[in-house]
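Reader: Can you walk me through this one? I'd like the chain contact, then some helices.

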Amino acid sequence: MGATKNFLKGLIYMCIYITTTMVIPFLTFTWIKEVQVAGVNIVLEQQEYDRIIFWISAFGLLISSCAFFNYSSPKQSIRKGTFALIQILLNCLYIWSYKFSGATSVRFEIVIELTDVGFITVNVQNLVMLYMGVYFLTIVLKGYDFIDFVVNREKIRQIRYKKAKGDGES
Amino acid sequence: MRPSRIFRWIVRIFLLIFTLSLSAVSLLGGFSAVTVLDPDSYSINIPDGPPVANFDLSNPSNMSIFVPFNITNVGVYDLTDMELSFQIVMNYSENDPPINSSRLVQIFNKTINYGNILHGELLKSNFSGIGADGFILADIPTPVEVDFTHPLIFFANFTFSASYSLNLYRFEVKIINLSLGP
């Protein structure tokens, strides 16, 4: 029963990560690809759009699959600690991919009657760097978790055994 | 609960609060930036009236340009490090051989940093350049070099850039090859 519950939990989290790391960014970039403001077309270059979507999909898939293994593993197990750490590292790469794919400095062309009259650039590099800082603290926390699971392995097993025994008696 | 888990929960709660505040600031900043840049809000008016220009080639040191503008920061954060940049390119026909060959020359280039506009405040000013203050005198052709039987054509590039939302965003709007007419 516990295995089925963990499997379902893994599936649910995988779906959540697919939505947040792939579907929402994909829909956002597709939505802003061509915007019309006061009769003026503001267009994201096709090549730039393709590059951003490629990196988001690549890392999104890796993160989502890792989320399945992380959340379907038993609580406080080394397996969970390992996958959680890998997932956080992938999250860092995912955020970093926004920078090297060009998504942190998105350039839109301003088009009036098929003629480029200029462009708008939105640079969110500082924001991404700040999120990277938050992720660094999360990596530290996951590293701490991993060491804790290894060092206190016996204690964790005893607590789990006691809990399982209590559940069995009741 | 083991003490190591209590420490972990404290760090996790701190991280959660930090991430939520950061996300709130980013979202609020994004929506607020849209209200500032929305053309229907008329908060950025460049130019705010007819620009005045004197492109008299016979007296380059007296050449001048004045572009009135006003910017209202209708967002919730301050607009910081605001810069306006203006370049003018002149297309003219050369008088000396080779006959009828046209040349492009940049005659004006100036960037002004207006600093910060606090939220809710209005900046009403002129972008101006007179003589050597903006005009590239060394590159401006003398009247002898220009064939006035062909019209002089002026193009302008204009850039507006600023940081927003505690410097988390920086945006730049660039209009290129804007015809100023002959």
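**Chain contact and helices**

Author: 22 residues of chain B are in contact with 22 residues of chain A, contact being C-beta atoms, placed from the backbone, within 7 Å. This is a predicted model: local features need pLDDT of at least 70, side-chain atom pairs count only at pLDDT 80 or more, and totals for chains, interfaces and linings use all residues. Residues are numbered from 1 along each chain as its sequence is written, while chains are lettered from A and ligands numbered from 1 in the order in which they are written.

Reader: Which element gives the largest share of chain B's side?

Author: H1(B), with nine residues. Helix H1 (3-37) and strand E8 (169-181) of chain B each supply at least two. Helices (H or I, at least four residues) and strands (E, at least two) are DSSP runs, numbered from the N terminus.

Reader: And by class?

Author: That side of chain B has eleven nonpolar, four polar and seven charged residues. Ala, Val, Leu, Ile, Met, Phe, Trp, Tyr, Cys and Pro count as nonpolar, Asp, Glu, Lys and Arg as charged, and the others, Gly among them, as polar.

Reader: New topic. At what angle do H3 and H4 of chain A pack?

Author: About 170 degrees, with the axes of H3 (residues 78-100) and H4 (residues 125-151) 9 Å apart. H3(A) and H4(A) are therefore roughly antiparallel, the term for angles over 145 degrees. Angles run from 0 to 180 degrees between N-to-C directions, and axes are lines fitted to C-alpha atoms over the stretch in contact.

Reader: What makes up that contact by class?

Author: The contact of H3(A) with H4(A) has 16 nonpolar, five polar and three charged residues.

Technical notes:
Angles under 35 degrees count as roughly parallel, over 145 as roughly antiparallel, 65 to 115 as roughly perpendicular and the rest as oblique. Two residues are in contact if their C-beta atoms, placed from the backbone, lie within 7 Å.
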